[in-house]
Amino acid sequence: CSASTIVPSRTCQGCVRTRTGTRGNRMMACIEVGGEAGREIDDSSYYTSLVIAAIRSVRTRRAASPKETPSMIIDCHGHYTTAPSQLEAYRKSQIAGLDDPKHVASKGTLGITDDQIRESVEGAQMRLQRERGTDLTIFSPRAMGMGHHIGNETTSIHWSEHCNELIHRVCSLYPKNFIGVCQLPQSPGVAPKNSIPMLERCIREYNFIGLNLNPDPSGGHWSDPPLFDKWWYPIYEKMVELDVPAMIHVSGSCNPHFHATGAHYINGDTTAFMQFITSDLFRDFPTLKFIIPHGGGAVPYHWGRYRGLAQDMGKPPFKELLLNNVYFDTCVYHQPGIDLLLKVVPIENILFASEMVGAVRGIDPETGFAFDDTKRYIDNATSLSAAQKEQIFAGNIERVYGRFKAAYAKNNAR
């Protein structure tokens, strides 16, 4: 068993990933933390916990009344965290070349076969889809691996091309299970408009339905203009033209103050929302759509604070200011957190998501289920009617991702 983490850079902090494998009759796990190889953990109970959680999840799904089961359950937030090892090897080689003044950057090749792609998802994302009762994942490259702070624009272009091509291959092999969202070749100080050619290619040629937009390509130093600055307007104009939403998603953190998935991700979500409040962005782009992941960061918990700040600034109520443009996913890993989200944020602004296989992969000892089995939280939310669950699981997603229905139909007609 060996860790399979793409290390963003030697200075990145809080990068955590677990990969499991078997040795004998025991489950072995390797963990890589902060870009340095961690210790190998022998934990046979981990495998047992996964099996028990899977059985419980299946039993819970079977116990649901057919009338309460939505026709389709779409997970709007999934990353290719289990890509074949050649992708990591390519990235390490690319990063090593940055230190060689004689190195001439080229895109190169990965050498990944279709069978290797099948192996990488069938025992991971697709297995969990079956066990947890979800149908389709809106799939994008690994967020931590985007690494926009690494190298320069050419580095990001080559890397993003490979990552997006892999997503396209996954979606082509399994069109009923996955539909694509792209990574942009962002780089600190490089105008977002330079990413438009890749966005157009992914939407028009690969039949993707959205993009991940990093509000901080610097990796925790926030050196580019805020999201309401006209610096970003060309990419917004293209999003509106193509009818695609963007999920706000930072990547790795190079600031030691901010653990990547525990702090930097949540900071990025919360910061984006506050930037939307303080601007007239949606007056300029009334049909522009964003998804703020991880339940909106700190936003639902401080909903009153943000409403009050907006009011003090002379802004209109949220319904008029941004709720026709900003949506929140359900990547919140405990029932009380989901219940709060459902109570505070309008149901029509909530999209189902789990981010599996993602940042939190363990079993919650308080419930016996996986933390990221978020479908359970929606199923168990007593405040929701069957129609509202249908909205969250599918209806809202189909509405926000304007190209979804046509793209899904086209992919499955091939």
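**Close-up views of a predicted model**

**View 1. His149 sits in a loop between helix H5 (143-146) and helix H6 (153-173).** Helices (H or I, at least four residues) and strands (E, at least two) are DSSP runs, numbered from the N terminus. This is a predicted model: local features need pLDDT of at least 70, side-chain atom pairs count only at pLDDT 80 or more, and totals for chains, interfaces and linings use all residues. Residues are numbered from 1 along each chain as its sequence is written, and side-chain values use heavy atoms, with hydrogens and water left out. His149 is buried, at 15% relative accessible area. Buried means under 20%, exposed over 50%, partly exposed in between (1.4 Å probe, protein chains only). Pro188 is 39 residues from His149 in sequence, but 6.3 Å away in space, C-alpha to C-alpha.

**View 2. Ser253 lies in the loop between strand S9 (246-248) and helix H9 (260-277).** Ser253 is buried, with 1% relative accessibility. A polar atom of its side chain lies 3.1 Å from the backbone oxygen of Asn255. The backbone oxygen of Phe258 is 2.7 Å from a polar atom of the Ser253 side chain.

**View 3. Arg204 and Glu241 form a salt bridge, with closest N and O atoms 3.1 Å apart.** Arg204 belongs to helix H7 (residues 196-204) and Glu241 to helix H8 (residues 233-242), so the pair ties together parts 37 residues apart in sequence. A salt bridge is a side-chain nitrogen of Lys or Arg within 4 Å of a carboxyl oxygen of Asp or Glu.

**View 4. Asp379 pairs with Lys375 in a salt bridge, the closest N and O atoms being 2.6 Å apart.** Asp379 is partly exposed at 24%, whereas Lys375 is buried at 8%.

Notes
A polar contact is a pair of N or O atoms within 3.5 Å; within protein, one must be able to donate a hydrogen and the other to accept it, and residues adjacent in sequence count only if both atoms are side-chain atoms.
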